[in-house]
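Q: Please take one part of this structure and look at it closely. Then connect it to what else can be said about the fold.

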Amino acid sequence: MTSEDHNPDILPLESFGLTAVPASTHNIVWSPDAELAVGCDDCVLLFIPEYTVPKSTDGTNTKVVRQYNDVALQFPSVEHRDPELNRPLFDLVGQEFPEFEYVPGGGGSGTVTSQGSSMNHLVALDWSPSGLGRMNRSVLAVLTGAGTITVYCEGASDGMNAFKVRGRNARTLRPWVAAWGVGAGLLLPVAEGREAQYTKEYITAFAWARDTDGHGSLLAYANDEDEVVIISVQVKHDSHAAPGDSGQWRIEEVARFMAEGPHLKTDPTDPDYSPCGSSFSLSWSPWLKRGDSKSSMVSYVAKNYVGFRRITIGSPHQNMATPSVEVDQVDSNGVCLYLAPDAFVVFEDLIWTIGESKVCRGAIATPMQVKAFQVSFDEARPRDIVRHTTHDCGTTYPERKDGPTQNPITGLIIHPPSLSQSTATPSYSLVRLSATHENDAWYQTNLPLPPNPEDGSVGPQWATEINQIIEHQLPRAMAYRSIVDDSSTVSELDSDEDEEIDAEEAGGSEYDPEENFAGVDTEDQVHLNRVRIWGMTASPGGGVAAVFISQYNALWPGRDTYAGVKCRVLFGRHDHGAHRNQEAQTTLVMKKLSTEARAWEWMYGGGPPVPGVGTSTVQNDDKRSALRDHFELVGRKQACSFCGLPLEPKGKLSRCGSGHLFATCATTGLPILSPGLSRTCSVCGSKCLKREDLLVIAPQLKNIIMDEISAEQCGSCGGKFIN
């Protein structure tokens, strides 16, 4: 995603290669702060965005040449966690910790899974809404093959503001710790008034709720007993905690309901039996606020059925207190349709008003086809749908009009909607698992064509890169030369290296195309590559998409080893046209995005500038000016730490008469007279005095410091501190 007019102060967003072993689809996700997580067979790779071109300690540019230049953290996800991990959860709420004989791995009623024989590979992963991690960041939940969800987060650091990473100051994710888990022996407390069901559950899918704009969040998970469980997740972090501390977590089960759908079970020996189930069967709609309560629809995938159950949070609750969560007794709506394994649902991030009804829309991936839907918040069934067979509703087999597609959808994103022109269905883009030169349906979208489709720029950059890979051809005699020529043995590694040779190397002085192709039939050509697309995810503001692929040789079988296969992460921005791009900026401003997310969309997604980031100046509003006025008198009394002379502010620096320079607090305007008193913003790089140190400097302003100054966010741009 580079361009000729690229800002030199912004790192280019380019595709990069990985050596990994993908084991499941939907294995790439973006956090609300643009942190990128990629799931592999037995580990997770994390990448942290950088919002300025990094400088080394001596002020020169480092060798960082692109965004996500280095893997910030690679951690294994296959470890079976001991139940003792959750003991602090029971101690916090005053419940007795269940004692039982624990056998690592296994749970539920499955023939295989109940015996604990899973390799515990990674199945699914997803970031939480902001606010659960340190500095109001997100935490990462990982579902593994043993039926366990483990939640990972940044632990408390050793007190330093920045860390040296390859000669430069940058944020890191160390220490990275497992905070708590659920499933396969990891038990959770239950809310007061609910009956405890302490069993070794096997979890098949999970989904975080959208941001509730309140304390904590909700997490839904499904088990192999066709139950959906809603748990409340809250946390409190201490800035003075010991290094590695994960925080004080309050996790409680607040609701549970059956989600088996209306269709009767089919015997596996039945000729009409077809497998079902999905590791991505749960999804949350946006929240609808009415008075003091909020409602959201939880979609679940059952046997040839998608149900929508309304979840309501009551009046606002205090932090670290049990929320009031109500679940409707029956589904608000549901649809019967043929579903293959790994079907999933995606909601549009907007609630529409149609007449007097509030409606949310979305798309169901069957996963061979896409089916649009809309469900109303104001309509509710008086009773549950009558139980019936799939023959009664005609969903035993796929509809003939759907065609014989056997290439499943592995990623679907719904684009920000147009507020000026509504459409019958949401605007979406999707990718399918297999991409070859014979399959042109691996990328589909219902977005309108750009104004000039003849210029060859149809589709985002990542789609163009995949197309170039699968359309790469050579004459048949040359492509099979390494096979038919017994005298030359070409290793698989060498062939991979040959594919990496770029046009510049091939165009060297010693390369003669006519000599290379002499005596070769250039008319008979074959395609060299095929691609598997494992997942696609959208950035927090929806302006950029990331796609995770693996590349294979189309002429002879490759080997999937523990050393990994050649993978790539690709990026691209969808062009909506000039009018839609301007409208997307307006929609972006309306969304409640973090400063990190807005900065990302400004750099790569066509979003508006962010005050305080890059060359955009900070808006001096009345609140900001009033806050600085409170500290103006305190600042006049500050003196140089070296010579004792008065200090005079000079922009982001303060200077004494002897020429000694000090950084200036971006929140209060006070000089920072010694190291260790401030925190550094991860977005704009500004420094802000810690609240506890401000209380020492200006104890008379305690109420203002505690009420108006954030301990987690920069006073200049609103970004989160490094630590």
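A: The lining of the second largest cavity has seven nonpolar, three polar and three charged residues. Here Ala, Val, Leu, Ile, Met, Phe, Trp, Tyr, Cys and Pro count as nonpolar, Asp, Glu, Lys and Arg as charged, and the others, Gly among them, as polar. The model is predicted, so local features need pLDDT of at least 70, side-chain atom pairs count only at pLDDT 80 or more, and totals for chains, interfaces and linings use all residues. Numbering starts from 1 along each chain as its sequence is written, and side-chain values use heavy atoms, without hydrogens or water.

The second largest cavity holds about 100 Å³ of space. Of its 13 lining residues, the closest to the centre are Leu-187, Leu-188, Gln-197, Glu-201 and Glu-253. The structure has four cavities of 30 Å³ or more. A cavity is a set of points, on a 1 Å grid over the protein atoms alone, where a 1.4 Å probe fits but cannot get out; lining residues have an atom within 4 Å of a point. Volume is the space filled by probe spheres set on the points, which are joined across faces, edges and corners.

Five bridges pair β6 with β7 (residues 140-144) in the antiparallel sense. Leu-125 has Val-142 of β7 as its bridge partner. Strands pair if DSSP finds at least two bridges between them. Strands (E, at least two residues) and helices (H or I, at least four) are DSSP runs, numbered from the N terminus.

Another open sheet of four strands runs β2-β3-β4-β5, also with antiparallel pairing. β2 (28-30) and β5 (73-76) stand at its edges with a single partner strand each, so one side of each has no neighbour in the sheet. The twist here averages 20° from one strand to the next. Three bridges join β2 to the antiparallel β3 (residues 36-39). Val-29 has Ala-37 of β3 as its bridge partner.

Last, helix α3 (residues 461-470). Trp-462, Ala-463, Glu-465, Ile-466, Ile-469 and Ile-470 are buried there, meaning under 20% relative accessible area with a 1.4 Å probe, protein chains only. Down the axis of α3, these buried residues fall within an arc of 160°, so they line one face of the helix.

Technical notes:
Buried means under 20% relative accessible area, exposed over 50%, partly exposed in between (1.4 Å probe, protein chains only). The arc is that of the directions from the helix axis to the C-beta atoms. On a 1 Å grid over the protein atoms alone, a cavity is a set of points where a 1.4 Å probe fits but cannot get out, and a pocket is an open set with protein on both sides within 12 Å along at least five of seven lines; lining residues have an atom within 4 Å of a point. Axes are lines fitted to C-alpha atoms, for helices over the stretch in contact, and angles run from 0 to 180 degrees between N-to-C directions.
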